[in-house]
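Notebook open, structure on screen. I'm jotting down what I look up as I go.

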Amino acid sequence: MNTNQWGTIRFTDKVALITGGASGIGRATANRLAAEGAHVIIADNNADMANKAVSEIQEVGGKALFVEVDLADDESVSAAASAVTEKFSALHILVNNAAVLRTGRIEDGEWLPNWDVETAIGLRGWVHITQHLLPLLKQESAAIVNLSSEGGYLGRPGQWVYDAIKAALVSVTKTMAQEFVEYGIRVNAVAPGWIVTEMHFGTAPNPATQKKVLEELTITSCIMKRLAKPEEIAATIAFLLSDDASYITGQTIHVDGGRWGMSVRS
Ligand SMILES: NC(=O)c1ccc[n+]([C@@H]2O[C@H](COP(=O)([O-])OP(=O)(O)OC[C@H]3O[C@@H](n4cnc5c(N)ncnc54)[C@H](O)[C@@H]3O)[C@@H](O)[C@H]2O)c1
């Protein structure tokens with residue numbers, strides 16, 4: 001791969017694993033890293049979407065493969081790491097991205113059934129897969145990006161579990177940065193604002209219509225007054241993973257259009 005629309009080729013022959021790479025921000029990140037020369041591993045629990053994502057990368061000359069993983073299942077995490085270890089002798093990039101969003105206000109206890117699944121996938125699973133992949137990440141210098149969220153800084157009504165996880169990831173990012181620096185591994189996080197992804201339109205009665213509505217929505221909660229495209233988050237993730245960010249670690253970068261409040265629509 002010699003060229004792409006961005007004119008940057010920063011990941012030639014690097015091996016990159018993206019959890020949740022079958023959809024949304026993860027998929028845009030997989031596309032971006034592959035377009036910049038990386039061999040991309042899409043680690044996801046949705047085989048249909050993941051295989052489609054792999055095919056699309058391969059169709060344009062990129063390198064990609066699918067490794068099935070359910071981040072909520074310890075054995076699956078361990079098996080996925082073993083599958084990667086069988087194929088590759090080093091891992092240069094890890095993007096901890098896969099998560100689910102559930103809602104429920106504290107008062108009525110609607111959050112209770114969601115606690116286990118949200119934390120198992122979006123917090124425990126992230127640290128667990130990182131632990132299992134660490135031997136590979138230690139082989140050659142590596143970089144990790146964790147996906148936090150504006151929610152981790154806002155604490156929104158009806159989303160306390162999700163937002164608390166995203167706040168925790170800011171802290172986990174700093175812990176990882178300090179624990180892994182001796183292996184030459186940098187660890188950063190990205191806190192996106194509101195992005196038009198399957199997370200927000202996937203379960204709508206007509207996802208395509210809802211996607212268009214979101215893309216055209218005006219919001220008052222950020223300076224730019226619009227939602228972001230997944231590719232805009234992927235660009236920041238790619239920067240943090242690249243040598244362009246060689247002196248950045250333990251940080252959370254906000255990519256939110258200049259957010260100043262809740263996601264209020266106008
Ligand atoms: N979309 C937003 O507005 C937004 C804003 C801030 C932060 N984020 C964060 O960005 C990340 C990606 O979000 P997105 O909007 O692209 O989500 P998405 O729903 O489009 O994609 C999530 C991916 O994770 C996979 N996944 C779900 N459960 C899994 C499991 N148990 N094991 C393995 N894979 C699993 C899904 O199959 C899917 O491919 C998440 O961490 C999310 O919290 C999103």
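I started with a facing pair of residues: Asn-96 sits opposite Asn-146 in β5. This is a predicted model, so I keep that in mind throughout.

Next I checked the strands behind that pair. Strand β4 covers residues 93–96, and four bridges tie it to β5, with the two running parallel. Asn-146 belongs to β5, which spans residues 142–147.

Is Asn-146 buried or exposed? I looked it up: Asn-146 counts as buried because it has 24 C-beta neighbours inside 10 Å, and 20 or more is the cut-off for that.

Then I asked which residues Asn-146 is in contact with, leaving aside its neighbours within four places in sequence. My list reads Asn-96, Trp-126, Leu-169, Val-172, Thr-173 and Ala-189.

I counted seven strands in an open sheet, and going across I noted the order β3-β2-β1-β4-β5-β6-β7, with parallel pairing. Which strands stand at the edges? They are β3 (63–68) and β7 (252–255); each has a single partner strand, so one side of each is left without a neighbour in the sheet. I also wrote down the twist, which averages 20 degrees from one strand to the next.

Over at the β3 end, I found six bridges joining β2 to β3, and these two run parallel. Ala-43 stands opposite Val-67 in β3. To get from β2 to β3 the chain goes through helix α2 (residues 47–59), and this β-α-β crossover is right-handed.

Now the helices lying across the strands. Helix α3 (residues 74–87) lies across β1 (15–19), β2 (39–44) and β3, at about 150 degrees to β3. Helix α6 (residues 160–180) lies across β5, β6 (185–192) and β7, and I noted about 165 degrees to β6.

Last stop, the ligand. Which of the 29 residues around the ligand come nearest? I got Gly-20, Gly-24, Ala-99, Thr-197 and Met-199. The elements giving two or more residues to this shell are α1 (24–35) and α7 (198–201). Sorting the shell by type, I had 15 nonpolar residues, eleven polar and three charged.

How values were computed. Residues numbered from 1 in each chain as written. Predicted model: local features only at pLDDT ≥ 70, side-chain atom pairs only at ≥ 80, totals over all residues. Near = placed C-beta within 6 Å. Nonpolar A, V, L, I, M, F, W, Y, C, P; charged D, E, K, R; others polar. Buried ≥ 20, exposed ≤ 12 C-beta atoms within 10 Å, placed from the backbone. Contact = placed C-beta atoms within 7 Å. Pairing = 2+ DSSP bridges. Axes fitted to C-alpha atoms, helices over the stretch in contact; angles between N-to-C directions. Right-handed = clockwise from strand over helix to strand, strands pointing away.
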